Amino acid sequence: MMDQEHIASAYDRDLDRVQSLIMRMGGMVETAISDAARALEMRDTELADQVRANDKLIDALEEQIASEVARVIAVRSPTAGDLRTVLSVLKISGNLERMGDYAKNLGKRTSVLSEMPAISGSGGALRRMTQLVNVMLKDALDAYIQRDVELAEDVRQRDADVDQMYNALFREFLTHMMEDPRNITACMHLHFIAKNVERMGDHVTSICEQVIYLVDGELPEDDRLKQDRTSYDISVSKV
Amino acid sequence: MSKDIKISAKGVDVFYGDTHAIKNVDIEIENKAVTAFIGPSGCGKSTFLRCINRMNDTIDICRVTGDILLEGQDIYAKSVDPVQLRARVGMVFQKPNPFPKSIYDNVAYGPTIHGLAKSKAELDEIVEQSLRRAAIWDEVKDRLHQPGTGLSGGQQQRLCIGRAIATAPEVLLMDEPCSALDPIATAQVEELIDDLRQNYTVVIVTHSMQQAARVSQKTAFFHLGHVVEYGDTNKIFTNPEDSRTESYITGRIG
Ligand SMILES: Nc1ncnc2c1ncn2[C@@H]1O[C@H](COP(=O)(O)OP(=O)(O)OP(=O)(O)O)[C@@H](O)[C@H]1O
Ligand SMILES: [Mg+2]
């Protein structure tokens, strides 16, 4: 990236400002994810409600970022690295907003699940998966602000672990449901939660790709193997 | 060579007395495309542009070395008549310079001396079309026989554009053609440039990065007499190779 400053110093302030909004939004999403995971594990419906309420703040921040970016584009007509910066800000705020939605969804399902008998074993696995995604998000945001392509690439690779954890959970839920149909409702909710967390990982991956685009000017080639193999599992489990 | 090259410069140096204004420039300009020259003031854009139709010949202390080929033919060869060359390679100057004649005559002059019109009616038609394309017809149609020098700066600039396209040159060199124009006339001139590209090769010098990005397919970044970077406009404005290019187009201290 350019270390030099713009001749118009207000331009630097504009770019710094939208990027600091991204960092703030990222922090809020991190909190939402960890709170949602904790609420789910502890059956803490109050905390779950709080996560749902806070999502409005995340959405509002996304809108604020979009309007600030629009203003920068209109006033400064950014080019080259500056252009990539504002484009990545827009894209990343979209990723963060989606992640916030998934956290909110976790909160909603937590309220429903807390009324039902617990499914043994699933809590720990979901917590580990969520933690992994949250660390990935933190690292992705660090990679963004440091313009660290290596770290971004590393995080991107870690998404395979998330996919694997999701596959394992998927099979576990299937087993529970087949063992006892009374588990079906709870397992369906838990499965959606696992799927949402897996999707969060995809959004973190997309943030990492933006970091690479920002620095190199090109999106990375898609060399990651798709690790979600549950569509095969379904056909296998029919027999 | 996959692309059709209209102008090819090889090892071009230009001196004004002791001032070394252009330093070993190699560039291949595509046929039927718009090429933008950008770069800080004094970096040699106008100087290089003037080499392409030998306008530097008119400056006593100016010396040009190296080769400039127009469709493979050396334009500095003894056999080339600069006046004929300038009919093929037209120019719009940085400062508007209408002849001290009527608006009509300013435009009719070129087509007349090159015998492009068979009749008065045909000449009238060329004048009207040229002025229309230069986005000035409506403003001058009722005063065609008043002096061109009596127009406003922006109108003079458009008159000069009309004059330059009246002879249907193969190559049109434009040195900051929109520097004195309002946004409407600028948009009209950009529209004209885009239209000219169907049949002609256009080289435009501009200080507006947005204009270069909008109108050109190729961009050359000049810096201290060198061509630092030359390539697809899309690439230059989204992901330039050279840090000097990036500093310049993003408005940083370079
Ligand atoms: N007629 C001249 N006599 C002497 N030196 C000249 C002449 N024309 C240009 N120069 C010098 O040559 C260099 C390049 O000038 P040129 O006009 O080509 O720059 P430019 O890139 O077109 O700048 P601008 O964007 O300000 O029009 C400058 O150092 C300038 O002082
Ligand atoms: Mg100039």
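Me: What makes the meeting of the side chains of Asp82(A) and Arg252(B) a salt bridge?
Reply: This is a predicted model. In it, the N to O distance between the side chains of Asp82(A) and Arg252(B) is 2.9 Å. The rule asks for a side-chain nitrogen of Lys or Arg within 4 Å of a carboxyl oxygen of Asp or Glu, and therefore the pair qualifies. Across the interface of chain B and chain A the rule finds 1 salt bridge.

Me: Which elements of chain B give two or more residues to the side that touches chain A?
Reply: They are helix H9 (233-238) and helix H10 (243-249) of chain B. H10(B) supplies the largest share, 4 residues. By class, this side of chain B holds 4 nonpolar, 8 polar and 2 charged residues.

Me: How many residues are in contact between the two chains, and what area is buried there?
Reply: In chain B, 14 residues are in contact with 15 residues of chain A. About 1,300 Å² is buried between the chains, and carbon and sulfur atoms give 48% of that area. The size of an interface is often given as the accessible area lost when the parts come together. With both residues at pLDDT 80 or more, 13 residue pairs are in polar contact between chain B and chain A.

Me: Why is Asn53(B) called buried?
Reply: The relative accessibility of Asn53(B) is 1%. Buried means under 20%, so Asn53(B) counts as buried. Asn53(B) is found in the loop between helix H1 (45-52) and strand S4 (62-70) of chain B.

Me: What does Asn53(B) touch, leaving aside residues up to four places away in sequence?
Reply: Asn53(B) touches Leu85(B), Arg86(B), Val89(B), Met91(B) and Leu173(B). A polar atom of the Asn53(B) side chain lies 3.4 Å from the backbone oxygen of Val89(B). The cut-off for a polar contact is 3.5 Å, so this distance falls within it.

Me: Which residues come nearest to ligand 1?
Reply: Of the 16 residues around ligand 1, these are Ser41(B), Gly42(B), Lys45(B), Ser46(B) and Thr47(B).

Me: What places Ser41(B) in polar contact with ligand 1?
Reply: An N or O atom in the side chain of Ser41(B) is 2.4 Å from an oxygen atom of ligand 1. The limit is 3.5 Å, and therefore the pair is a polar contact. Thr47(B) has a polar side-chain atom 2.5 Å from an oxygen atom of ligand 1. For Gly44(B), a backbone N or O atom lies 2.9 Å from an oxygen atom of the ligand.

Conventions: Residues numbered from 1 in each chain as written. Chains lettered and ligands numbered in written order. Predicted model: local features only at pLDDT ≥ 70, side-chain atom pairs only at ≥ 80, totals over all residues. Heavy atoms only, no water. Contact = heavy atoms within 4.5 Å. Buried area = accessible area lost by both parts, 1.4 Å probe. Polar contact = N/O pair within 3.5 Å; in protein donor to acceptor, adjacent residues only side chain to side chain. Nonpolar A, V, L, I, M, F, W, Y, C, P; charged D, E, K, R; others polar. Buried < 20%, exposed > 50% of the residue type's maximum accessible area, 1.4 Å probe, protein only. Near = heavy atom within 4 Å.
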